[in-house]
Amino acid sequence: MTPGETAHVLVEALPYIRQWAGKSIVVKLGGAAIDRESDLALAQDVLLLRSVGVRCVLVHGGGPQVDTMLRRVGKEPEFRDGLRVTDEETLEIVRMVLVGKINRDLVSTINSQAGEEPVAVGVSGEDAGLLTVTPADAALGFVGNVTGVRAELLHRLLDDGLTPVVSTIGANAAGQPYNVNADEAARAIAVTMKAEKIVYLTAVPGLLENPKDESTLVQRLTSSELRERLSHESVGKGMIPKLKACADAVDQGVGGAHIIDGRVHHSLLIELLTDHGVGTMVKREANW
């Protein structure tokens with residue numbers, strides 16, 4: 001890249017930096033997009049956004065990693081409509097993988113890039129009642145729907161200059177832990193925090209007209225247009241919770257929802273700070 005091209009990129013980013021400064025953005029990292037190099041790039045993105053005043057909350061899943069651990073102990077993963085069937089043993093493994101492994105690794109990676117002042121702090125949805133849940137469906141076992149988010153806890157951490165990294169294990173009023181779909185948890189957090197943006201980092205470029213052809217990326221659509229696609233045969237069951245969460249988020253007050261490819265290094269910066277972006281953007285109305 002020439003010095004002129006570098007300058008053009010910086011000038012293009014300036015109005016977006018001004019627009020997002022002081023605003024909250026929830027970034028959901030899917031398990032399929034988690035790897036060492038991608039995590040390093042994401043850590044750098046989050047730290048850069050933080051340095052220009054963007055308040056980032058990172059929410060992570062870990063489905064593939066949980067599947068691997070389940071098979072290691074002789075259990076075959078089971079899903080219904082894209083949601084994990086979670087018995088007591090599966091719940092313990094989910095907690096171990098999400099809270100004890102992935103969360104700690106992400107916190108460590110961000111802090112390794114932060115220099116002398118570590119800024120990332122790991123939080124489970126069980127901590128201080130961050131995510132309150134009720135059972136979703138008896139057929140799913142210990143799977144919960146989010147009924148409450150202690151947004152003030154996240155705002156307090158952000159006010160202190162920290163970057164929360166949230167594991168999506170919630171608890172009911174009695175303290176019983178529940179597995180929570182990370183897409184839905186991120187939506188609930190973004191809505192309650194009155195976030196400006198929610199960004200889903202996935203292992204696909206975004207919403208595709210043809211799942212086998214990445215050139216068919218749908219770049220922009222409204223929440224109503226997205227809902228019309230939920231039952232389309234081209235939408236895989238694993239994408240349904242994510243797409244529904246995007247539509248619900250913008251209908252409930254979040255300024256915009258984005259689905260982007262987390263495997264592309266620095267895709268978060270490209271999506272938020274450039275004119276064209278890299279994925280699918282969803283808004284309530286077509287005021288692009």
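Predicted model: local features only at pLDDT ≥ 70, side-chain atom pairs only at ≥ 80, totals over all residues.
User: What radius of gyration does the protein chain have, and what would a compact globule have?

Analyst: The chain holds 288 residues.

User: How many helices and strands does the protein chain have?

Analyst: The C-alpha atoms fill a box of roughly 60 × 50 × 35 Å along the principal axes. Within the protein chain, the count is 9 helices and 14 strands.

User: What share of contacts with a separation of 6 or more comes from residues 24 or more positions apart?

Analyst: Burial first: 50% of the 288 residues count as buried. As for contacts with a separation of 6 or more, residues 24 or more positions apart account for 72%.

User: How far does helix α2 reach from its first C-alpha to its last?

Analyst: Helix α2 covers residues 36–51, which is 16 residues. At 1.5 Å a residue, 22 Å is expected. The model is close to that, at 23 Å.

User: Which elements do the buried residues of α2 pack against?

Analyst: The buried set in α2 includes S38, D39, A41, L42 and D45. V46, L47 and L49 are also buried. Their partners in packing are β1, β2, α4, β8, β11 and α9.

User: Which residue with positive phi follows α2?

Analyst: The phi in question is near 95 degrees. The residue that follows α2 with this positive value is G53.

User: How far apart do the centres of the positive and negative side chains lie?

Analyst: The chain carries 29 positive and 38 negative side chains. The centres of these two sets are separated by 3 Å.

Conventions: Residues numbered from 1 in each chain as written. Heavy atoms only, no water. Helix = DSSP H or I, 4+ residues; strand = E, 2+ residues; numbered from the N terminus. Expected span 1.5 Å × (residues − 1). Buried < 20%, exposed > 50% of the residue type's maximum accessible area, 1.4 Å probe, protein only. Contact = heavy atoms within 4.5 Å. Rg over C-alpha atoms; globule rule 2.2 N^0.38 Å. Lys, Arg positive; Asp, Glu negative; His and termini not counted. Charge placed at Lys NZ, Arg CZ, Asp CG, Glu CD.
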